[in-house]
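Please examine the sequence and the structure shown below. The report then describes selected local features.

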Amino acid sequence: MRDEKVLSIAVAAGFLVSMLGASFAENEKTGEELFKEHCAVCHPDGGNIINPKNTLHKKDLLANKIQKPADIVKKMRNPGPGMTKFDKKTIPDKDAKKIAEYILKTFK
């Protein structure tokens, strides 16, 4: 009888842990959500309200030698004049990469 109780508790605990894990995963934000939260105010529709020549559209990114997610993350960490600096505490690498991937696939 005691073994059955221990097994029942273990199964219930495992179920709870798996449900919590699923809940946390569901609360992760998408690249689009993160972009809207951190970037869209200055880059509406991929534009640039501070420097209209440096948009997030492909032609401008390529002109600035920005071709892959790591290039965008680097720019987020060490931006030029007029752009907010986003350190790892403000936007963790995982989220910065999501934003970068969203930018590359969205603004053609």
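The text below covers a loop asparagine, a group of aromatic rings and a helix residue.

This is a predicted model, in which local features need pLDDT of at least 70, side-chain atom pairs count only at pLDDT 80 or more, and totals for chains, interfaces and linings use all residues. Residues are numbered from 1 along each chain as its sequence is written, and side-chain values use heavy atoms, with hydrogens and water left out.

**The loop residue Asn48**

Asn48 is located in the loop that runs between helix 2 (31-38) and helix 3 (58-63); helices here are DSSP runs of H or I with at least four residues, numbered from the N terminus. With a relative accessible area of 15%, Asn48 is buried, a term that denotes under 20% relative accessible area, computed with a 1.4 Å probe on protein chains only. Polar atoms of the Asn48 side chain lie 2.9 Å from the backbone nitrogen of Ile50 and 2.7 Å from the backbone oxygen of Asn54. When neighbours within four places in sequence are left aside, Asn48 is in contact (heavy atoms within 4.5 Å) with Cys42, His43, Asn54 and Thr55.

**The aromatic rings**

A pair of aromatic rings is described by the distance of the centres and the angle of the planes. The structure holds 3 aromatic pairs, counted for rings of Phe, Tyr and Trp (its six-membered ring) whose centres lie within 6.5 Å; planes under 30 degrees apart are stacked, over 60 edge-to-face, and the rest tilted. Two of the pairs are listed here.

| Pair | Centre to centre | Angle between planes | Class |
|---|---|---|---|
| Phe35 and Phe107 | 5.4 Å | 50° | tilted |
| Tyr102 and Phe107 | 5.9 Å | 85° | edge-to-face |

Which parts does the pair of Phe35 and Phe107 tie together? Phe35 belongs to helix 2 and Phe107 to the segment after helix 5 (93-106), so the pair links parts that are 72 residues apart in sequence. Phe35 and Phe107 are buried, and Tyr102 is buried as well. Together, Phe35, Tyr102 and Phe107 make up one aromatic cluster.

**The helix residue Ile72**

Ile72 is part of helix 4, which spans residues 69-77. Is Ile72 buried or exposed? Ile72 counts as buried, because its relative accessibility is 7%. Residues up to four places away in sequence not being counted, Ile72 touches Ile66, Ala100, Ile103 and Leu104. The C-alpha atoms of Ile72 and Ala96 are 8.4 Å apart in space, and these two residues are 24 residues apart in sequence.

Definitions and conventions: Helix = DSSP H or I, 4+ residues; strand = E, 2+ residues; numbered from the N terminus. Buried < 20%, exposed > 50% of the residue type's maximum accessible area, 1.4 Å probe, protein only. Polar contact = N/O pair within 3.5 Å; in protein donor to acceptor, adjacent residues only side chain to side chain.
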